[in-house]
Amino acid sequence: MGQARIFTPENRLARVLSSLQGATAEQLVANAEARVAGLETAIRAYVQDRLTPIMAYADLDEAALFARCQDLGAMSLDISEVAAAGGMVTIGEAARGISAMVEGLLDRGVWHTDALKLHLDALALLSQTPSPGAAQVKAIMDQLLTMRRSIGISE
C-alpha cells in the first residue's frame, strides 16, 4: 500500500478576489444595493408594464382563466421577483400569492376561481395611485394570506 498523497487544488477564486482591489463582502453588497436603488425607476416601470396584461385575467370566465392559468402564474412570478427592488413590496406579495395559487393547481390540483379573482382584484387595488393606507394594505395582505391557507395553498 502506497503512502497517502495530499493534493491541494488551485484556488481560482483568489485571483478573482484579488482583481477587485481588496473589496470586502460588505462593500460589494453595498455597491450592489446602490446599483439596484439606481434602477428603482426602471423596475417600477417594468412592474407597471407587466401589471396591465395580468389585470385582464380578472375579466375572464372560469374556463378561460383555467386554460390560461400557467401564463398568469408565470407573469405573476415575474412581478413578484422584482417588485420589492422597486419599492413595491405589497404588489410583489400579492403577485406571489397569485403565483402560489397557480402552483397549487399544478402541483396538488387545488383550484378556486373566486379566490384567484380576489387576488387579482387586490393586485389592482394595491397598484392604484394613490395606494390605500397602510392599515388597509395590511388588512388586505393578511386576508389574502389567510384565504390561501384556508384553501390549502402553501407557500
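This is a predicted model: local features need pLDDT of at least 70, side-chain atom pairs count only at pLDDT 80 or more; totals for chains, interfaces and linings use all residues.
**Notebook: salt bridges and helix contacts**

**Entry 1**

I started at Asp-142, which is partly exposed with a relative accessible area of 37% (buried means under 20%, exposed over 50% and partly exposed in between, with a 1.4 Å probe and protein chains only). Residues are numbered from 1 along each chain as its sequence is written, and side-chain values use heavy atoms, with hydrogens and water left out.

Which residue forms a salt bridge with Asp-142? I found Lys-138, with the closest N and O atoms 2.8 Å apart (the cut-off is a side-chain nitrogen of Lys or Arg within 4 Å of a carboxyl oxygen of Asp or Glu). Both residues sit in helix 8 (residues 134–150), four residues apart, which means about one helical turn between Lys-138 and Asp-142. Helices here are DSSP runs of H or I with at least four residues, strands are runs of E with at least two, and numbering goes from the N terminus. Lys-138 itself is exposed, at 52% relative accessible area.

**Entry 2: the other salt bridges**

I then searched the whole structure, and the salt bridges come to four.

Next came Glu-93 and Arg-96, a salt bridge with N to O at 2.6 Å. Glu-93 and Arg-96 are three residues apart in helix 6 (residues 89–108), so about one helical turn separates them. Glu-93 counts as partly exposed at 31%, and Arg-96 likewise at 30%.

**Entry 3: helix 7 against helix 8**

Back to helix 8, this time for its neighbour. I checked helix 7 (residues 113–126): its axis and that of helix 8 come within 11 Å and cross at roughly 160° (axes are lines fitted to C-alpha atoms, for helices over the stretch in contact, and angles run from 0 to 180 degrees between N-to-C directions). Helix 7 and helix 8 are therefore roughly antiparallel (roughly parallel is under 35 degrees, roughly antiparallel over 145, roughly perpendicular 65 to 115, and the rest oblique). Helix 7 passes helix 8 in a left-handed crossing, a term for a near helix turned anticlockwise from the far one by less than a right angle, clockwise being right-handed.

I listed who makes the contact (heavy atoms within 4.5 Å). On helix 7 the residues include Ala-115, Leu-118 and His-119; on helix 8 they include Ile-140, Met-141 and Arg-148. By class, this contact of helix 7 with helix 8 has 10 nonpolar residues, two polar and one charged (Ala, Val, Leu, Ile, Met, Phe, Trp, Tyr, Cys and Pro are nonpolar, Asp, Glu, Lys and Arg charged, and the others, Gly among them, polar).

**Entry 4: helix 6 against helix 7**

How do helix 6 and helix 7 cross? Their axes come within 9 Å, at roughly 165°. That makes helix 6 roughly antiparallel to helix 7, and the crossing is left-handed. Among the residues in contact I noted Ala-94, Gly-97 and Met-101 of helix 6 and Leu-116, His-119 and Leu-126 of helix 7. The contact of helix 6 with helix 7 divides into 10 nonpolar, three polar and no charged residues.

**Entry 5: helix 3 against helix 7**

I turned to helix 3 (residues 40–55), whose axis comes within 11 Å of that of helix 7 and crosses at roughly 145°. This crossing is left-handed. Leu-51, Ile-54 and Met-55 in helix 3 meet Leu-120, Leu-123 and Ala-124 in helix 7. The class count for helix 3 with helix 7 reads six nonpolar, no polar and no charged. I looked at Ala-124 on its own, and at 28% relative accessibility it counts as partly exposed.

**Entry 6: Ser-76**

Is Ser-76 buried or exposed? Ser-76, in helix 5 (residues 69–82), is buried at 0% relative accessibility. Leaving out residues up to four places away in sequence, Ser-76 touches Ile-54, Ala-95, Ile-98 and Ser-99.
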